[in-house]
Structure formats: structure tokens, C-alpha cells
Amino acid sequence: MAFAFEFFLRRLSQGVVIVVLVAFVIFTLLRVVPGDPIRIILGPMTPASVLEETARALGLRDPILVQFGRFMGEVATGDLGRSFIRGLQGGSAGGSQDVAGYSPESRASVAGLIATALPYSLQLAGLGVAFALLVAFPIGIAAGLRAGRWPDRLGLYASSFFVSLPNIWVAVVLIFLLSAKAGLLPAIGYQGFAYTIIPAMVLAIELSPVMIRAISVAVAANLGEAYYDAGIVRGLSRRTMVARHVLRNAAVPLLNLFGAQMIGMLLGGLFVVEYIFSYPGIGMLTISAVFQRDFPVIQAVAILASGVLVAINMLVDFASTMIDRRLKF
Amino acid sequence: MALGSPPVPRPEAPLMEVRGLSVAVQTASGPRPVLEGVSLTVAPRAVLGIIGESGSGKTVLSRALVNWIRPPLAVTAGTVRYGGEDLLALPEARMAALRGREIAYIGANPTSALDPTVPVGHQLVEKLCAVLPGTARRDARARVVATLDAVRIPSPAKRFEEYPFQFSGGMMQRALIVDALVSNPRLLIADNITQPLDVTVAAQILRLLRELQKEFATAVVFISSALGIVSEIADDVIVLDRGRVVEERPTGALLRSPEHAYTRELIAKVPRIWSGAARPPPPADTDVVLDVRDVERTYEVRDRSAIFATRRVRAVRGVSFTVRRGENFAIIGESGCGKSTLSRLLSCLEAPDRGQILFQGTDIATLGGRDLLALRRRFQLLLQDPYNAIAAHSAIGATIAEPLRIHGLVPRRHLRARVAEVMAEVGLAPALYDQLPAGLSAGQRQRVNIARALVLEPEMLILDETLSALDQVEQAKLLDLFERLQTRRGISYVYISHDLAMVRRVSARIAVMYLGRIVELSGNHALFARASHPYTRALLSAVPTVEDKPYPTATYLLEGEPPDPIDIPPGCSFRTRCPFAFGRCATDDPALLATGPDGVGRACHRDADDLPAVVPPAAGQGGGARQAEGAEAP
Amino acid sequence: MTISTVGSGMTPSPAPAPGRPRGVTARILRRAWGYGEMKAAAFLFVALALLTVLGPLVIDASATKISVADKFLPPLFMEGGRLPHVLGTDQLGRDLLLRSLVGLRNAFAIGLTSVVGMFVLGCAIGIYAGYRGGWVDVLLMRLTDVQMSIPVIILAITILGVSRPNPASIIAVLVLASWPVYARVSRGVALAERQKEYVRAARIIGASDLRIMVRHIAPSILPPIAFVAVLDVARMMIFEAIFGFIGIGIQPPTPTFGTIISAGTQYLINAWWITIVPGVLLALALGSLNLMGGVLERARNYILQGGA
Amino acid sequence: MTSTRRTFLVGAAAAGAGSLLVGPGRFGRALAQEAGTLAFAAAGTVTSSWDPSSHTVAPQITAEGFVFSHLTKCPMTPENPAEVLPDLALEWKLIDPHTLEYKLRQGVKFHDGKDFKAEDVKATYEYASQPSRPASAWYPGQVEVEIVDDYTVRLRTEKFGYPALNFWYLSSFLPVLSAADVANPDLLKQRPNGTGAFRYEETRGDQIIFKAYDHYHDGRPKIDTVVWNYVPDANTRVLGLLNGQYHLAERLEPEQYASLKAEAAITTNRGLSSENKYLHFRCNKPPFDDVRVRMAAVHAIDRDQVLAIVGEAGQASNCHLSPVKFGYTDVPNYPKYDPEACQRLLAEAGFPGGQGLPELEYITSVGFYPKTREYGELVTALLQEQGFPVKLTTLEPAAWEERLYRRADGQGPGHIVDVGWITGSPEPDLVLRPNYHSKYALINGIADPEIDAALDKERNAASTEERLKVLQEEALPLLAAKVPSISLFSSVFLRAMSKRLEGVYFYPNGPIDLSKATLG
């Protein structure tokens, strides 16, 4: 218990620092790159003096550290700010140009926007990971158990093949074949669960090669461990050794992989896939925010993403240390 | 005692018969034989020893006995008959039914034999339930805890829930013996089970195995590369040389009158500590070059059971000694005694927390930059592992030349010639200059290592287990080399080792370490012939030899394991295992009291005369052995 | 003082048998080359490389020359295809094979350069952190945590989406986004190597920290992660394509897969080859790289686990 | 114009139409629409303020078209671009050069029940023409409104120094607000309150719901409800149209349009818009500060090839004004593709064969206007062919828009910028003054006294006839000779709707008149 308490105390405090740093990096980045948000907020035809005045009134001309401090203060109270662009109803809106009438209250809250988009992304990510596991587990375990034999080759070929397919291209090909040609599934936008299937397949194709490789390597490595052979000579059946011990030990590197690499890949994949499929999730929200220079949304998504990554890493590491007590943290 | 005891009568049919067994390894250039036409017979309840040097195929043989030959190895001929069946022809399912039930196997590496992520007890229960179907888990658990207790594993109920990495090697090996015998098998194959263990622990394991073997009436095939160990347990011994059985005799007969030339060679190679050959150098009487004064080193480790807490590992606790010019000084002790830490301190890789290390009067901890570099030139350390001590990616010549480059001692154009000289001196072929070390043998690697140190022409060499990975012949050659260098250059050596036989051969004075301190420091003869500390005696009693020892194993056998250096008990740190401990030992920590010149002394409350009398060694010892003086009376 | 051969009774040890694989890297490569897949993938890769070099010399067409009259020509194997447009033309009448080849070359150049960059940067930081340990290590590793907590795509669209993308900034983004992987791995290696006796030996003979890092630890980094670098070249090529697709990659008219595919998606029904065919070519190139990487990984695992 | 519209898989939708219908039917929810409800798939959406003077956003102007009425209507047909029809005003006449009088319709009520009177016109015009209003750039300047009686108003411009004639066409562009709302800006922002055929009901996420207005002065519309669906993706709009989810989809790609023409249940509509597509040169920095270099660049561009790429979405025109604008003419000296002239001019300007020119950046958007990237690549290639060292930068609309206009220092990024200019009135000054008068020159930064003079002369013309003459004979030829920008072609808007929908009128700048439409 003491261990778990110290673990979480330590990791949570580190995690908070990391998230704050990420927030700072993104925050700074967004304010040093060319592109003035006030032009977006107020529209192109606004006179320069009005631009400056409003920008100053909104605090956009304060030093970055001051702005960041104010922002983090709001985040700490659970307020992720309001969109520059989107209206109260959450619908995408063109930038208002009414200088006098501009008030942040007329814009959608970022938290609300994320809350609306998140379930869609979770559904897509869930289905994608499920598909990937469905493919990767049998192939990966078979490849690991029969290293050097045909299932191993199959694993190598499958992972090399899948990893060589750029997701943008796979997406287009799948839309072309499954939706446009065969008419089996709908593709663009979202009007029901069926709209998740093709995007999820694209995600799965992106994720599965890493899983196949990792699973087969982890399983094969554990078969090479002394305890495996020793267990069989001790009188335990091969099946017992694989089911009770090899998979348990293989879970440690796999958990780490899923924590460190997979979540990052998944997030990246979500962005691209949602963009291609006009799927109304977080990725779509963020990409349009970037193109619209809707900084509050970008910041919030970046913080959320890093928070999720940090949290998942923490949980994964905790699970790993629970499985393998030798691990330090 | 197996030695000299009459063979066990064996009226019954043999338990296992191996006939004409040949195993080959598949290599790129075709099959190469590993075992050729091996035949042997295992009688019920008997202990059959198999002795062979590394590479003789004894591990392959042990695995063949449980039909555990995996590619690239393959059985090319022969049978292993057990209970009327040829195991090698059995289907995998039948074989699986025999393994662990009727035929048990214990390997050389106890710490990696169990799943590192599951508590030890649970794995023993799992095995028990697997081999005895129908056992209730609760019963199985009770039985495992009981047997753990029976093999003297302390607080077994707590240990049941601990993980393999929390077990020491000796404890793990005991647990695995429990694991093997819990199903009451008819045959136990024990492959080199004492190899990774310290001598005192190995002696315990050996005794335990012998007891259990008697109790369970199990036949044992005991495989080892140490004749001294096999001779202590086996009824009959098979000698294996390069895959062939060269001799098979009852143990006593084999030792007394070996018939085959190889057997004789093998017996001759067993180091003698008390009998014969050793001609240790006399203690030097020159100026002191190294003066270690009350050195202490403590590490902090994180404590998992408390919040933000650390625990202090006291690795070296107040060690003092001196080394004279041209002297051979040795530090011996078992794993965890602090000798590795001491070597790091001596080589100036770490600074002591307290105390001083003076090299020719200069405290090396205070040196830095150029001075430290100059010191390093005169003061070299040779490391224990010849495989890791040289970088795999540099050519041999470059590795040896590196110190010269760093110290800028030799002009670039003379570099090669200088390196070649040193290579010749240590016996490395000049052709190796541009080779990578990948193909080198352990001996060759150690020579590269030595050459690299010698190229700087140091005044003192610290040899940290330098020779322990080498076989006897190779070891002897290098010791000769060191001796010649010493004569020529007056180098001082500090040997840090667990190998008593080697220390016996080369060093003038010996310090014995236990739990971070020196418990006894003595001249060579005095230490071996008249050891005055109970731990030294225990250590000497546990050495596997083929000689008669002055310290009977039964008298000095230690119980348990060395305590954790984190929780060093108050009082004498050895008292928890000491057969002679008394009241005062629990409260007062004895200091190392000098009883002779050059720091000779012991740290014990017992008077040396209180200890059991020393059995005089069989072979006479030359004079000059310094009689250890008794410690002061309490 | 000169040293003469004192060991008169010593026979010099024989040199290892010639032809035996020696260094770890050499052994990994040798082992990898033993795979048929490696040979096939290398052959494919070399063939594609040759094609990108020779293609523009042999084919009488241009990757960038617009010819509105020739737009939407199908590949040769379809009805209506005609020479010299082996794989047909795009919506502006440009030769698709040539565009794909030039795109491949650009993608590979970006992939390779960025991987070299992230490798050097990551390894330098990783080795330093792993070797020095202590607070330097903690600081640098937390920095990688921060960096790894920002998905590549977010970073890329944030930087490239709001500034003008060009090859240098694309490479910079890729390096910035991916160096932590190398820092992590090389830190792990450095940490392990630091414990090894040969580093201790080097310190004992007086080698400086810098010398140990450069001469001793750095060479040990390559075998464990060379395959990661090979796989990453392919991964970076995919990123380059994604950037192009989103419109934050190399700008037209320079052909890149991303722009070819994204433009082609608009004509999927009337001219599907614009999207599909270059994709196949890219997938072949990536496949050869990934297969090589996969085989190298196996060879590495085999060698590092003690195989000969 | 800040909304993002991406085009994807154009054509795939139509060709795969039958099969794609299966998708939502099998898996999705049923897409039943109430009878009398029209679902409109819009490419853009509105801003957060319903105040018409607060924005210059085209989609919101389309949305306002349902709710608000104007004093007049301009159908803006190419045949008769200058035609003005009555709406809230029944008669109008120029009293003197600075006074324009309107007689108002009686008995009209705002959606909130207030009677429409002269005070509303006064409030609206004086409010919207204030220079501080973001959309004031639309208007020639401030205006005073005199209330003659409850149903007669006079627009007076004398005080502000320009002819009242400038409001002739703008009267069809400025939505008429209630004076009560103008007095209460917060209310004005929150909801639109007009006299149009439909009243604003509510906004639900990306949907805006309008209901038929029972008291519409031209009779209650047949369609009960209009649902505005913001569907930024062209393909999704087409898919939705095909599977019956939407009845009307705007802004289609040429390929989609071509495929939809073949669909039995779909009517397509193709209408010339009031938008021209321009390439602006940054005229206040080298090398395009030299008219010869600009002209050389223009001669390098083969506009026929550009049109071949744009296809159905474009129409050739040789004028800086759209054919639906007042004053449009086929300008005789409009520059043509002429590589020789290009080389000659380059040599004259001191850049023979393009030698010595700095690297030029050509900025264009992708995703809003059709085929910008495609013809951008073409134009880049054509310019490179003549030796212009041009690099193409394609940006998403928001990033592009951020770079489009000149900055405070007068300079804009890059050297050539692609932009479309669309306004909802035949009034030519809505195009000419913001773009070419040195007082504004929002994009190209041209400061040419001759152009300024010609534009002022045109604005100050006393009569429509005179104005036309000045425009066609002086101002437009001058622009063609000085080319601060070149109009590549005129945009054609491509739309499609369900066969059941009849009686729709599309204005060339986007608004859709559904007051007489039926959904059979």
C-alpha cells in the first residue's frame, strides 16, 4: 500500500509538471508562430488600430508568461477557455468581425466542444483497437510460439505489409472499394455506428503491425527464458506455461508498448483518420481548430492529450510493477 | 561422508539404463558430435556422479536423460531406458507425464528457473497440483510451507509469498530441491546445482540433498565439474571427456587409483590447499605502498515498504590494511562481503564515505584531473569478467593502445611497436593486433586485459577476481606471468577473490572479509593451517577438495545465509551463523585486533583456543607458518 | 624500460579463424543477410532506387510539365493508355510514374535526413543522460516525457499548419517529434554500458567521460537500434505523405505522395489510378524498408540473445 | 468567408450513389423528414452574431436572405445586370445627386410583431454605414436618412461627399432591421428579426431552424420549415442529397455536378455568380511595383488552360467585374496569353528571361474555391516557363485569409495572391474601390493616381448612364492596362436539389429565395 501511495504521489506530481510543460510549449508555440489570432477573431477588414485595441483588451498583447499564468489559473479551476471562432451552440461558425460586440461569452466553451467530440473519438478508437487486437493477438502469439516457422514468417510479412500502408492511402482505397464500389459500408461523416467501421479498419491497419511485432517478440523472448524450459522439465504442461507464465511475463513489455507508443500512435492516427473521413471527433475538432487558428481549442486538446498520455503511462507502469515486482519506478 | 564409505548394495534392477547415446550439434559446417556412445546405469536409491570439465557434454547428457534435447542439438543414436521404455522414443505427452513426477530435474541456475513475476510458493503449489492432480490448493499450500520449513528456509509462510528475485541463490536452490522432491520422484537429475553458489552455501545444499536423498530413497544423477563436490556425494562416478565416458568407478576407488590418464589429470588439477604443492611467497619487508585506513562506504536504496524512505546498505565497514612494495596481498570473502565495493574504492572509481586510501602517502580520494591521471598510470585494476572488460567494437591493438593514447606516453608512430611488445609479453599473437575481440577465448581476453594494464607499467595491480573465469591451466600460466613481472619490476598485487586455492598459492598475507569488514587478517600459512576466526574455519571447511581438511565440515558447517547488509544485526555480525556464538557476541561488536606485525589479527570474542582443535593436515607443512596468537580473553 | 618476451614457455594464442563474423554489427548484418526476405527486400529497394534515378532519364515525359490536353490518361494496361505515360497521367496531364518516382525520391530524402537528425540528436542526449545519471538524467528524461506527450501530428499541424512548410521545417518537425525514442533507447544502452566492466576498465586507464561516451558507448548504440532507424525511415516517409495530404507538407508543384493522393481522391471514380497507383509504388518502397527493418530486428534479437 | 470547406471524393458520391444508400439505411437511423420541411446542406455557417453589420461572411448573408428583406431586389442576371425590382420599397428616385428617395410598402410587420416604418430604414442605414461597423467597407460612406413620413425616406450623402447614386444597388444588399433592435445591440446579436419569408426559430449545434412567416408581405411560403445544416464536406452534402437527407446542396465540385446531372431524382442548377477569381499582385513592393513585370506575368498566363481545369465551375470573362455586375463589358485591351510580349516586357523591365527576379511566392487557398490548387500549379508552371521564379504556397482558408490582406505596415506577405471577390449587389464599387483605390487597395496595395482619378470620376458620375460610360471606357480599360490584379474567370455556382423541390430562385451571391418554392 505504501508503495502504491508513493508511486502515485510521485508520478502524479511528475505528471502535473509534464502536463504544465506541454501546455507551456504548445502555448508558446502558438503565440510565436506567424498568424495573429486577433485577425481571426475580428475578421480581415478590421482596422489595425481596432485590432490592437481589442487584442490588448483581451490580453493577447501581454507577455507570454502572463498570458500563460492566467490560462493555467483558469485551467486549474476547470475552465479550458472559450473558442475564438465557434458560437455558443457549438456549431462551427465563421469568425465574427464585430469588434464592439466581441465578447468571449458569445463563443462556445472549449470544454463543451471537447465533451461533444470525445465520445465519437472514443468509439472510433475503441473499435480500432479492438480490430487491431483481433488481428494482432492470434498472429502475434502464433508467431511468438513458433519462432522461425511459418506463423513467424506470417507475422513478419503481415506486420511489414500493414506498416507499409500509409493510412491516408488505405483510407482512400477502403472508401473506394468498400463504400463506393461495393457499397457495403458508409464512409464520410457520421450518422450512425456504421460510419465508424471503415475508419476503425484504417486505424487497425495502422496499429496492428506494431502489436504483432511486439507480441511475437515478447512471447518468443519469454519462450527463450530459462523458466519456460525449466517449468516444462519441472512437470508443467506447455499449455500451462504459455497461458499462466509466458503471457503474464510478456504482458510487461506489451503494457509498456501500449502505454508509450500505442496511445501516441492512436492519437496521431485518430487525427488523420477523422480528418479524412470528416468524422466529428477530437481530431477533426483539432485540425479545423489549427486551420482556423482557434488557439484555445488547440491548447486544450494538447493538454488533454498529454494528460491522457501521462495518465495512461502512469497506470501502465503501475500495472507493470504489480506484475513484475523487480521493476523500479 | 561419502568418501571411503562402502558402496550401497543394489540387488534390484537398474532404474535407468543409457546405452550408446550419441548427440550431435547441427552447425553451419555439418553436425559435430557432443556425446558419443555414452552408456551408464543408474541404480535405485544410488547417487551416480558425473564429472567432466566444461565442454565435456555433461549438461547435454543430463538433459538427454529427461529427453530434453532441442535443436540445434539432436540425438543421433542410443537409448535411454527407464521403466522398460526408451524415453527418447516416447511421445511428448507420455514424456511430459514422467517429467516432474517420476524424473525430476534441477539445473545450474536456480534464480532463473521460476517465473520472476509469480511468488515462489505459488509456483511450487502449481507444480504440486499439476503432478498430483486432485490435490486441494489449500492442502498443497500447507504442504509446500511445511517442506520449505523442513529445508530450513526461515519464516516459510512469509517466504511463500515472496518473488524469486527476493530469494538468494542458496535459498532458491533449496526451494527447487523441495520442488523437485515434493512429488517423490524415483530419479533426480541434479545438473551442477552448486555451481553458482558460495562455498559455504554449496556445502549446505550438498548436505541437504544428501539427507533428502536418503529420506526419500531417490536415485540421484549428480553432475558437476568439481571433483571435490562429486566425491562428497556420489557412490559411483562417471568421468566424461569430450563426450565419451572414459572411466566408471565407485568414488573411493576412482580417487585412490584412477585408471584412465584423463582421470588422473583431472585429479591432479584439483587444487590442493593443504597438501603438497603450494609454495606461497614470503611476506615482503619493504616500504608500504598502499595504506587503507578505516574505509567505509554506504549506499542508499529506496524502500518499497515505506513512503519516501531509503535504506542504507553498508557495503564496506571500516576496513584497514597495508600493502608493501612487491607484496602479494589477498582479500577473500563470499559474495556480498563487500570486496567488490572495496575494489571500486581502491581503483578510485568511487570515493569512500569515511577513511583514507593512501597510495605512497597520497590520499587518492583528494586527487583530480592531471594528478588522478598520473595516479591511474601507476595504479591499475584488472577486472573479473574477461568478456565484458574489453569493448567488443574496438580492435585488440587499439584496445591495448588506448591507455598510451590517453596518457600520451608514446609517440604515435611507436605505438604499434610498443603494443606489439606488450602483446608478446603476455602471450598474444601479433596477428591479433587488428582483430576484434569477438573470437577470443576467455584466456586470450584476459591477456588483452592484462596487456592493457601492463602497457602503462604500473606499480600496483589490483586483480578483482581476474582469474576466476579461467580454467586451472590458464590460471597457472597467468600466475606465472604475474610472478615474473613482479620479480622484474617489483609490482605489488592485491588479489580480490573468492578462490581460496588460488589465494593460497599466490599471496603472502590474506584478509578474510565478512559483511563489509575484515574478520581475520593473517599470513598465508597461519590462515590455512591455524585459522583463528570461526568464519575463516567455516569457509575453509566448505572448500570442495579431494584432500583431508583440517576443519571437518560437520563441525563448522554454517547455518542460514549471511544477513542482509541493510539489517546488520547488532553485536558481532557473524553471530547469527556462528556455531560458537555466546552471550557477549549479541551485544558487543568485536574489533579487528592486531595480534601480530603488519596488521595481522582477528575480530572475535572467543579465544582461539576455545575453538575446536585443528585436525592436523595429512601432508606436512613447511615451517614459516605463523601461529595465530589467541585473542585477548574476554 | 623495454619489455622483452618473458613468457618463453608460453605459446602465442592462435588468431581466430578467418572469415568468422566479428563485430556485433557485422554479425547482425550477416545473420540478416541469411534471410531470403532480406535479399528480396534489398533487391526491391535497389530496383526502386535505380528506377528513381534512371526513370527520369529514360521516360520521355516530365513530372511537372502540365499538359491539360493529356489529363486523366489511364495506365498502359488499361484501355486508352498510351506511351510514354506507363502509369497514366493526373488531373493536369502530368506523367504519374515520373511524379511518383520524384515523390519517392523526395520522401526518401526527407525520411533519411530526418532519421539521421533524430538519431544523432536523440543518441547524443540519451548517451549524455544515461552516462551522467543523476539530475541531468532526470531532467533530460522528463524532457523526453514532455516531448513524447505531444502526439507527432499535433506538433506537426501546429507548427507546419501555422507557418510556411518547406523541406527544412518538415525535417525539423519530424526530428523534434521523434528524437525522444532514440534518446530513451540510447539512454538505456548507456545506462547498461556504464555498468559494464569495459567502461570501468576505460575509466581505470584514465579515459575521460567524453572519450568514454564517444569512443565506447556510442558504438554500442548502433546494433540495438539500427533497425529502429530503418523502420523509422519508412515511418517518416509516411508522415511526409500525411503532411502533404493535409496540405502542410512540401508545396506543389513539387510532387509528393501526399499531394498526389489528396488531389487524386477527388477523381477516384473517373481516374482511380491517380490515387491507387502511386500508393502502390510508395507501399512497395516502404515494404522493402520495413521488411529489411523487420529482418534486422530478428537478426539483432538473435545475436544479442547470444546467437553466433 | 472563414468557414472551411473541404472537398473530398467528389464524384465518388454520385457514381456510388445507389449503393451508398444502403449504408445509412441498414445501419443508421431512419432519416424521416417532416412534410413541408426543407433540409438545406450548406457549405458554410454563420458567425456568433446575428447583427448583419457585424460581418462580411458570405454564408451568413445567405442565411440572412431567409429572414430579412431589403428595400429592393436585384436578380442580377447576366442579360440585365442593372435590373432593380421592388421589395420593401415600392418606388425610388434620385431627387438630386446627393438625395435618393424611397416610398415604402405599408402593412409589413417584423417577425416580432413590430410594424415596419421609415424609422426602421433610418435606424438600419445610419447604423450599418457607420465606419466603425465591421461591414462598413461594403458601403461608399456614411449616410443620413431623413424621415419624410412613416412610409417615405430620403438617403442623403451630401455631408459625406459622394453621390447618393451609390446606394442605388446597395438598397438590395443591406438587410432592413427593426429600429428597436438597433437601439438594443445585444438583442440584435442574439437573434435575427426581419420581415423576410422565414423567421428564425432556433439553433441546434450545426443546425439552424427557420419557420415560415405567416405574415410575409408576399404571402406565406409553402414550405413550413427550413433546416440549415452546416455540412462542410462537399461529398457529404452530395451523399445526403442522394439518400434523401437533404433536399438542396450548394457549392458542388465540377465532377460532382457532372455526375449528379445523370441522376433521375436530382435537378442540378448552375448559375453564374457575382464572384470573379483574381490573382492580385503585391504592387507596393518589387518586382510587381513595375507595371511591366505585372503585365509580363499576366501575358504568361494562359487563361484558357485555367478554364479547362476549372470546367463547369468557371466562365470566361475579360473584365475585372463579374458579368452580373453593373458596368460589365468585354474589355478590349484585356491582356491575353502572349509569351512573346511577356519576354519583351521582362527584358524592358530589366529582367530578361526572368533573370534577376527575386523568388516569388504565390499564395492560394485550398478547400474553399474549386480547383485553386490545380490551376495554381498550372499558373505556377506557366510563370516558371517564362522565367518567373515562382513558388506556390497552398494554405487552408483561415491561414490563407490571415495572409490575404495587407498589414498595418502596408505590405502583404508573398507576391501573388489568389482570391475570389463576391458581393451581393450589382454595385461595381463594392469590387473596385476596396481593391484598386489607393485609399483601400486591401490586397494589392496599388497606389496609382490615374486609377484613383478614374474611380472617383466613376463614383461621382451624376447619372447611371454617365457612370456606365466612365466605367466601361475609362476605369476598366485603365485597370486592364495597369493590371494591379488580373481576373482569371467568373465563378459559376453549382448546386443540386431534389426533383421534388421547385420554384427556387438563386441569387448570384448565394442567397436562395424559397418564398415561392414548393416541396412536392
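In this predicted model, B:Cys348 is partly exposed, with 19 other C-beta atoms within 10 Å. A residue counts as buried only if 20 or more other C-beta atoms lie within 10 Å of its own. B:Cys348 is placed in the loop between helix 11 (339–346) and strand 14 (354–359) of chain B. Although B:Cys348 is not a glycine, its phi is positive, at about 65°.

B:Arg242 also has a positive phi without being a glycine, here of about 45°. The loop that holds B:Arg242 runs between strand 9 (236–241) and strand 10 (244–250) of chain B. B:Arg242 counts as partly exposed because 15 C-beta neighbours lie inside 10 Å. Most residues other than glycine have a negative phi, and most peptide bonds are trans. A peptide bond that is cis joins D:Pro286 to D:Pro287, with omega near 0°. D:Pro287 belongs to the loop between strand 12 (266–281) and helix 11 (291–300) of chain D.

| Residue | Phi |
|---|---|
| B:Arg242 | about 45° |
| B:Cys348 | about 65° |

**Chain B as a whole**

Chain B contains 20 helices and 22 strands. Its radius of gyration is 26 Å, close to the 26 Å that the globule rule gives for 634 residues, so chain B is as compact as a globular protein of that length. The C-alpha trace of chain B extends over about 75 × 65 × 60 Å along its principal axes. Buried residues make up 48% of the 634 residues of chain B. Among the contacts in chain B with a separation of 6 or more, 69% are between residues 24 or more positions apart.

**Contacts between chains**

Five pairs of chains are in contact, and chains A and D share the most contacts of these. Chain B and chain D, by contrast, are joined by no contact, and their closest C-alpha atoms lie 46 Å apart.

**A pair of helices in chain A**

Two packed helices are described by the angle between their axes and the distance between the axes. In chain A, the axes of helix 7 (residues 167–181) and helix 8 (residues 197–223) come within 10 Å and cross at roughly 140°. Helix 7 and helix 8 of chain A are therefore oblique to each other. Their crossing is right-handed. Residues of helix 7 of chain A, including A:Val170, A:Leu174 and A:Leu178, meet residues of helix 8 of chain A, among them A:Ile198, A:Met201 and A:Ile205. By class, this contact has nine nonpolar, two polar and one charged residues.

Note on methods: Residues are numbered from 1 along each chain as its sequence is written. Chains are lettered from A and ligands numbered from 1 in the order in which they are written. This is a predicted model: local features need pLDDT of at least 70, side-chain atom pairs count only at pLDDT 80 or more; totals for chains, interfaces and linings use all residues. Axes are lines fitted to C-alpha atoms, for helices over the stretch in contact, and angles run from 0 to 180 degrees between N-to-C directions. Helices (H or I, at least four residues) and strands (E, at least two) are DSSP runs, numbered from the N terminus. Angles under 35 degrees count as roughly parallel, over 145 as roughly antiparallel, 65 to 115 as roughly perpendicular and the rest as oblique. A crossing is left-handed if the near helix is turned anticlockwise from the far one by less than a right angle, and right-handed if clockwise. Two residues are in contact if their C-beta atoms, placed from the backbone, lie within 7 Å. Ala, Val, Leu, Ile, Met, Phe, Trp, Tyr, Cys and Pro count as nonpolar, Asp, Glu, Lys and Arg as charged, and the others, Gly among them, as polar. The radius of gyration is taken over C-alpha atoms; the globule rule is 2.2 Å times the number of residues to the power 0.38. A residue is buried if 20 or more other C-beta atoms lie within 10 Å of its own, exposed if 12 or fewer, and partly exposed in between; C-beta atoms are placed from the backbone.
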